[in-house]
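Subject: Structure for your study

Dear colleague,

Please find below a structure that I am handing over to you for study. I would ask you to keep it open while you read the notes that follow it.

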Amino acid sequence: MSAPGCAAATVGAEDAVSADAADARSVLVGSHPPHRRRGPAPVDLGWADRSPDTLEIAGLTPMSTCDWPGRLVATVFLQGCPWRCTYCHNQAILDPRTPGVLPWSDVTALLARRHGLLDGVVFSGGEPTRQAALADACRAVRDAGFLVGLHTSGAYPNRLAAVLPYVDWVGFDVKAPARLYREITRVGGATTTADAAFTSLRLLLDTAAARPLDGPPLDVQVRTTVDPTVLTPADVADLTAVLAGIGVEDHVLQEARPDGTTTEYRHALAAVRAREAAR
Ligand code: SF4
């Protein structure tokens with residue numbers, strides 16, 4: 001779920017150590033002021049009322065400058081995703097049956113060390129709204145004085161609704177025009193994933209618009225990874241027009257990359273790129 005151009009999920013202590021060193025250097029530059037906001041009072045979230053200790057965490061990047069544009073963040077990768085996108089470069093963390101490899105206490109310990117140094121935490125995946133403890137985790141991050149960002153494809157509209165009260169920024173992936181969604185996500189019926197995604201996007205835009213002017217804003221960036229094995233330039237233009245029509249103001253196109261994808265996809269992408277180059 002992390003943006004192409006960002007590193008994929010960083011797992012394990014060695015990576016954390018090297019990122020810590022880079023983080024320390026950035027601290028000396030001192031260009032990222034801390035932000036402290038208290039979250040709203042706890043409410044009964046039903047499905048989402050679960051301890052962050054139950055999160056299945058697939059990886060933790062201690063410092064990222066690209067997972068939330070303009071912010072210096074730690075990124076928490078949550079295990080599992082219900083979709084199987086053609087170009088997914090996080091194949092290793094898609095299976096929801098795979099247990100996490102890091103405890104939540106690793107995240108809280110990192111935040112305790114980085115107070116005043118990081119702007120916030122981004123929850124990515126996989127599909128982070130799959131996990132019931134996400135809302136409490138977002139609330140805990142805010143209570144610790146950090147902003148909360150979320151990467152989602154909107155697979156679970158109701159679960160997205162449960163976490164949005166504790167989120168400051170959403171990077172929302174829109175895969176394709178609705179008629180082509182399943183070609184990318186490769187699960188469900190003809191319109192299942194498109195219906196979920198566009199319902200979530202409507203919910204997100206409405207929630208952002210309804211945030212009170214004197215409270216924390218909810219910023220939204222809509223991103224599309226352009227998969228040339230499915231989408232033509234005309235399809236991308238269609239999608240851009242649809243998104244503008246429903247009120248999307250910030251739509252970013254990203255190039256599909258071969259790294260981390262399946263062998264099948266790497267071959268398909270290479271064939272398309274070779275045809276394009278031969279024209
Ligand atoms: S939504 Fe698609 S790209 Fe994102 S993690 Fe799931 S399979 Fe990968």
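Where does Gly126 lie? Gly126 is in the loop between strand 3 and helix 3. A cis peptide bond, with omega at about 10 degrees, joins Gly125 and Gly126. Please bear in mind that this is a predicted model.

**Overview**

The protein has 279 residues, of which 42% count as buried. Its secondary structure comes to eight helices and seven strands. Among contacts between residues at least 6 apart in sequence, 76% join residues that are at least 24 apart.

Seven strands form an open sheet with mixed pairing, in the order 1-2-3-4-5-6-7. Strand 1 (57–64) and strand 7 (251–255) are the edge strands, and each of them pairs on one side only. On average, neighbouring strands of this sheet are turned by 20 degrees against each other, direction ignored.

You can follow the pairing from strand to strand:

- Strand 1 and strand 2 are antiparallel and share five bridges; here Leu60 stands opposite Val76 of strand 2.
- Strand 2 (residues 73–78) and strand 3 run parallel and are joined by five bridges. Thr75 has Val122 in strand 3 as its bridge partner, and Phe77 has Ser124 in strand 3.
- Strand 3 and strand 4 run parallel, with four bridges between them; Phe123 stands opposite Leu150 in strand 4.
- Strand 4 (residues 147–152) and strand 5 (residues 169–173) also run parallel and are joined by four bridges. His151 stands opposite Gly171 in strand 5.

**Helices between the strands**

Strand 2, helix 2 (residues 104–113) and strand 3 make a right-handed β-α-β unit. From strand 3 the chain crosses through helix 3 to strand 4, and this β-α-β crossover is right-handed. Helix 3 (residues 134–143) lies across strand 3 (120–124) and strand 4, and runs at about 165 degrees to strand 3.

**Buried strands and the nonpolar core**

Strand 2 is mostly covered, with six of its six residues buried. Val73, Thr75 and Phe77 point one way from strand 2, whereas Ala74, Val76 and Leu78 point the other way. Strand 3 is mostly covered as well: five of its five residues are buried. From strand 3, Gly120, Val122 and Ser124 point one way, and Val121 and Phe123 point the other way.

In soluble globular proteins, nonpolar side chains tend to be buried together. In this model, the largest nonpolar core has 63 residues. The residues with the most contacts inside this core are Val76, Val121, Phe123, Cys138, Val163 and Val167.

Which residues does Phe123 touch, not counting those up to four places away in sequence? Phe123 touches Val76, Leu78, Pro128, Leu134, Ala137, Cys138 and Leu150.

Helix 7 (residues 233–245) contains Val242. This helix has 13 residues and reaches 18 Å from its first C-alpha to its last, close to the 18 Å expected at 1.5 Å a residue. Val242 is 64 residues from Ala178 in sequence, and the two are 9.8 Å apart in space, C-alpha to C-alpha. Why is Val242 classed as partly exposed? Val242 is partly exposed because 14 other C-beta atoms lie within 10 Å, and a residue counts as buried at 20 or more and as exposed at 12 or fewer. Just after helix 7, Gly247 takes a positive phi of about 105 degrees.

The 16 residues of helix 8 (residues 263–278) should span 22 Å at 1.5 Å a residue, and its end C-alpha atoms are 23 Å apart, which agrees. Helix 8 is hardly covered, and the count of buried residues among its 16 residues is one.

**A residue with positive phi**

Arg186 is in the loop between helix 5 (181–185) and helix 6 (192–210). Its phi is near 60 degrees, a positive value in a residue other than glycine. Arg186 is partly exposed, with 13 other C-beta atoms within 10 Å.

With kind regards

Conventions
Residues numbered from 1 in each chain as written. Predicted model: local features only at pLDDT ≥ 70, side-chain atom pairs only at ≥ 80, totals over all residues. Pairing = 2+ DSSP bridges. Helix = DSSP H or I, 4+ residues; strand = E, 2+ residues; numbered from the N terminus. Axes fitted to C-alpha atoms, helices over the stretch in contact; angles between N-to-C directions. Contact = placed C-beta atoms within 7 Å. Right-handed = clockwise from strand over helix to strand, strands pointing away. Expected span 1.5 Å × (residues − 1). Core = buried A, V, L, I, M, F, W, Y, C linked by C-beta atoms within 7 Å.
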